[in-house]
Amino acid sequence: REALYNEYYRNAIITEKRSRSRTAHRDVAMKSLRPAAATLLLLSSLPSRVASFSPPTRNDALPLPLPLAPNPAASSASASSSSSRLRASSLVGSGDSNEEITIEQYSACLSPQEEKRSIKRESAQYSPIDSLPKWQRAALKPFKLAKRAANKVGKVVGGAKGTKQPGSLILLRCGESEWTKTGRFTGWADPDLVGEGVLEIEHAGRLLLSEGYEPDIIYTSRLKRAVKSTWTILNALSAPYLPVYKSWRLNERCYGALTGLKKMDAATTLGTEVVQAWRNSLKARPPPMKKGDQYYPGNDRRYEDLTEEQIPLTESLMDCMQRARPLWEYGIRKEIKKGNTVLVVAHTNTLRGLMQVIDDIGEEDIQEVSMTGGIPFVYKFDS
């Protein structure tokens, strides 16, 4: 109450200095009041003003001084102003409702249990792959098969009418990294993006906007250059709220012991034909790295959820593409069937693996397929 009085008292002084109107004598009179007497007068009219009181801001007009005459009706109501109940009109706005809500009832709807259930309901819409235990998936399998059969019957009976149009798939290679610019074998190592790489992704975002593509879900790898590329394109699309799934299956091909070496130095030391065979051959694997190597992924906590068998020591192009296949079968394709537009921001070899599965490209032809940086590759499906 004293703080409220001091606020009005200070505003009265400011008003006296700024205003040269006819009511200036009331502001002067406010200054001459003794603090004790002014406090009593303020308390007498305080209950009738608390509901409508709002602290003045810098740009708002200064409030007028409090009236000097006491309010008997308000002073009789001050005895009940210490109640712990809040009127519903103060919570939902102005109104004539007399309904009252206690503080305990209002805080109950904000309990952690309610928040936890709400988050679970939202997460259930975009559940990651293999999120349910095996026994639950086995128990739900008959219901899924029955639902699938019912959908087929509905399509046969009703025809194409009412069937949902599948969504689109957008493939985008992540931006150029520091090691790519200097000609090093990158693999599962984690160098950052360079300025040119950021510009590539921003250009890709402008292309998507110009063609009217609006992704619903984004898949990317766990490597920094892909994650930051995802952030950049979300910023370009003004859609930072979209769900993003970071899957190790979309990581770049593991180059084993070649990771971190310059390609020219490796070709000079080991021979150009050998290095080119490791790079371009479908089934040739480079020498494996050791578990004590500084680039061994098992030492990184981002892969602590993987088993030792899932963490590669070296990979061929075929191994990398087969690693990305389950993500397409059980994740991306299901979202497309629901009508969602899926954006995949990943690396050249994992994107080639997705393209091989979708287009059924042969083993010899897939070696000639490449991805251009900054240019989205769009798939549209009829069924």
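Let's start with two strands lying side by side: β3 (residues 168-173) and β6 (residues 342-346) pair in the parallel sense over five bridges. Here, two strands count as paired if DSSP finds at least two bridges between them, and the elements are DSSP runs numbered from the N terminus (helices are H or I with at least four residues, strands are E with at least two). Across this pair, R173 stands opposite A346 in β6.

Keep in mind that this is a predicted model, where local features need pLDDT of at least 70, side-chain atom pairs count only at pLDDT 80 or more, and totals for chains, interfaces and linings use all residues. Residues are numbered from 1 along each chain as its sequence is written, and side-chain values use heavy atoms, leaving out hydrogens and water.

Now zoom out. Five strands form an open sheet with mixed pairing, in the order β5-β4-β6-β3-β7. The edge strands, β5 (244-246) and β7 (377-380), each pair on one side only.

Next, follow the chain out of β6. H347 sits in the loop between β6 and α16 (348-359). Is H347 buried or exposed? H347 is buried, because its relative accessible area is 2% (buried means under 20%, exposed over 50%, partly exposed in between, using a 1.4 Å probe and protein chains only). Not counting residues up to four places away in sequence, H347 touches R173, C174, S221, L223, R225, A226, L250, N251 and E252, where contact means heavy atoms within 4.5 Å.

Elsewhere, two helices meet: K263, A266, A267 and L270 in α13 contact T272, V274, V275, W278 and R279 in α14.
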